Amino acid sequence: MRFAPHTEDDISEMLAALGLSSLDELFGEIPADVRLDRPLNIPDGVSEMELIHDMRTLAAGNRSADQLVCFAGGGAYDHYIPSVVWALAGRSEFYTSYTPYQPELSQGVLQTLFEFQSMICELTGLEVSNASLYDGATALVEAVNMARGHGRERVLVSGAVDPRLVDTLRAYGRGAGYEPEVFPVSHGRGGDPDVGPDVAAVVVQHPNVYGALEPVRDLFGRAHDGGARAIQVFDPLSLGVLAPPGELGADIAVAEGQTLGNHLNYGGPYLGLIAARLDDVRRMPGRIVGETLDVDGKTGYVLTLQAREQHIRREKANSNICTNQTLMAVAATVYLGWLGPAGLAELGRQCASKAAYAAGLLTAVDGVELLHPDAPFFKEFTLRLPSPAAQVRDALVDRGFLAGIPLADAEGRALAVAVTEKRSRDEIDRFADAFADVLKVPA
């Protein structure tokens, strides 16, 4: 027995019921030239007990991420997750819920998603949000699709947007008929986009891939002067100390929502956030939960504008990659409710102050400097190292630290370092000491 859970007696009984003499006769309709005429080249199966033993032996060879102090970022961050988040999000009512096609049976989930949308609108300063998307990268794709829905074609992207986001745009753009055009930045931020009459969108990340804060009001002003939509990629947990996208002039704002109560989880599942102005509500993909009244005048919640969703119109839908991440959105709702406006502001202040402290210590190490010293930053900053960044990162793992994300800049000697509210002064001090020790070792 390999993968099929049928005994020989099961197979014989099935063939007898079908009036067949063999499995070859059962599959006789399949042309011989596409059938495998030998057994699969796989080993014999093992018992569950043996399999679990082997898996535990393999796992024991790994070093747990919990044993390392995390200064890595680049889109996924080690923020504190209070125990209440998954105590509530992990309840069976949420954990096992599916698409709420029947609102009369799904009021709890629908209400939670309505509250999630309301929180994202309040967070971003924009009028409409949906019930989440797959992740931050595909949320950006959807934002560009919305912008291009107004009849313009070209998409301008700042050179300080995470290259992985640009690659995702490029992959989806091949099918949609556009190629994202990257405009150069100056000293890690800004730039001068040429917004002609055929430009649909200008995309800016703030804080950007280097952690630097962008002159977004100026960049978005140029987009609007040219008649284009302004799209901001934002960090949700920066908005306790930074102005919201709507106030900065963004027409559409997108983000990776992992920081809102979701663990790093080895890269997922995460959730995408998207918010826009009311003018674009009918172009927004995904599920939107609306508040209404039932026949008795009681408040109720329903999926609204479903006619443009992929499960209704199929090929005529606004998008076919837009289904949401309900469980992750529930966790984000609990997290934001726990944090509150004052907590969000305090978290932002802690990130900013601890990042500034870490940057001061690290740039005191011989040969280390900020890659863009004139650019302000929030919780992430990029260093120029005297040695290849990947080598420094790997050496610091042996000393108990996830040091950061190597970037291609400065001939591979750029390292983006993230500092969240979880990092203590002692951890930052020890990290700086380990950094200095590593750089004393000949590369």
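## Helix 6 against helix 12

In which handedness of crossing does helix 6 pass helix 12? In this predicted model, the crossing of the two is left-handed. Residues 107–124 form helix 6, and its axis comes within 9 Å of the axis of helix 12, the two crossing at roughly 45 degrees.

Let's look at who takes part. Helix 6 brings V109, T112, L113, E115, F116, M119, I120 and L123 to the contact, and helix 12 answers with T326, A329, V330, A332, T333, L336, G337 and L344. By type, the residues of this contact of helix 6 with helix 12 divide into 11 nonpolar, four polar and one charged.

Helix 12 deserves a visit of its own. It covers residues 326–362, and its end C-alpha atoms are only 40 Å apart, whereas a straight helix of 37 residues would span 54 Å at 1.5 Å a residue.

## Helix 7 with helix 8

Next comes another pair of packed helices. The axes of helix 7 and helix 8 (residues 163–176) are 9 Å apart, and the packing angle is about 45 degrees. Helix 7 and helix 8 are therefore oblique to each other. As helix 7 passes helix 8, the crossing is right-handed.

On the helix 7 side, the contact is made by A137, T138, L140, V141, V144 and R148, and on the helix 8 side by L165, T168, L169, Y172 and A176. Sorted by type, the residues of the contact of helix 7 with helix 8 give eight nonpolar, two polar and one charged.

## Helix 13 with helix 15

Which residues meet here? From helix 13 there are V392, A395 and L396, and they meet F431, A434, F435, V438 and L439 in helix 15. The residues of the contact of helix 13 with helix 15 divide into eight nonpolar, with no polar and no charged.

## Backbone details in the loops

A few loop residues are worth a stop as well. As background, most residues other than glycine have a negative phi, and most peptide bonds are trans.

S132 is not a glycine, yet it has a positive phi of about 100 degrees. You will find S132 in the loop that runs between strand 2 (128–129) and helix 7 (136–148).

One joins H206 and P207, with omega at about 0 degrees, and P207 sits in the loop between strand 5 (199–206) and helix 9 (216–225). Another joins G268 and P269, again with an omega of about 0 degrees. P269 belongs to the loop between strand 7 (252–256) and strand 8 (272–276).

Conventions:
Residues are numbered from 1 along each chain as its sequence is written. This is a predicted model: local features need pLDDT of at least 70, side-chain atom pairs count only at pLDDT 80 or more; totals for chains, interfaces and linings use all residues. Side-chain values use heavy atoms; hydrogens and water are left out. Helices (H or I, at least four residues) and strands (E, at least two) are DSSP runs, numbered from the N terminus. The expected span of a helix is 1.5 Å times one less than its number of residues. Axes are lines fitted to C-alpha atoms, for helices over the stretch in contact, and angles run from 0 to 180 degrees between N-to-C directions. A crossing is left-handed if the near helix is turned anticlockwise from the far one by less than a right angle, and right-handed if clockwise. Contact means heavy atoms within 4.5 Å. Ala, Val, Leu, Ile, Met, Phe, Trp, Tyr, Cys and Pro count as nonpolar, Asp, Glu, Lys and Arg as charged, and the others, Gly among them, as polar. Angles under 35 degrees count as roughly parallel, over 145 as roughly antiparallel, 65 to 115 as roughly perpendicular and the rest as oblique.
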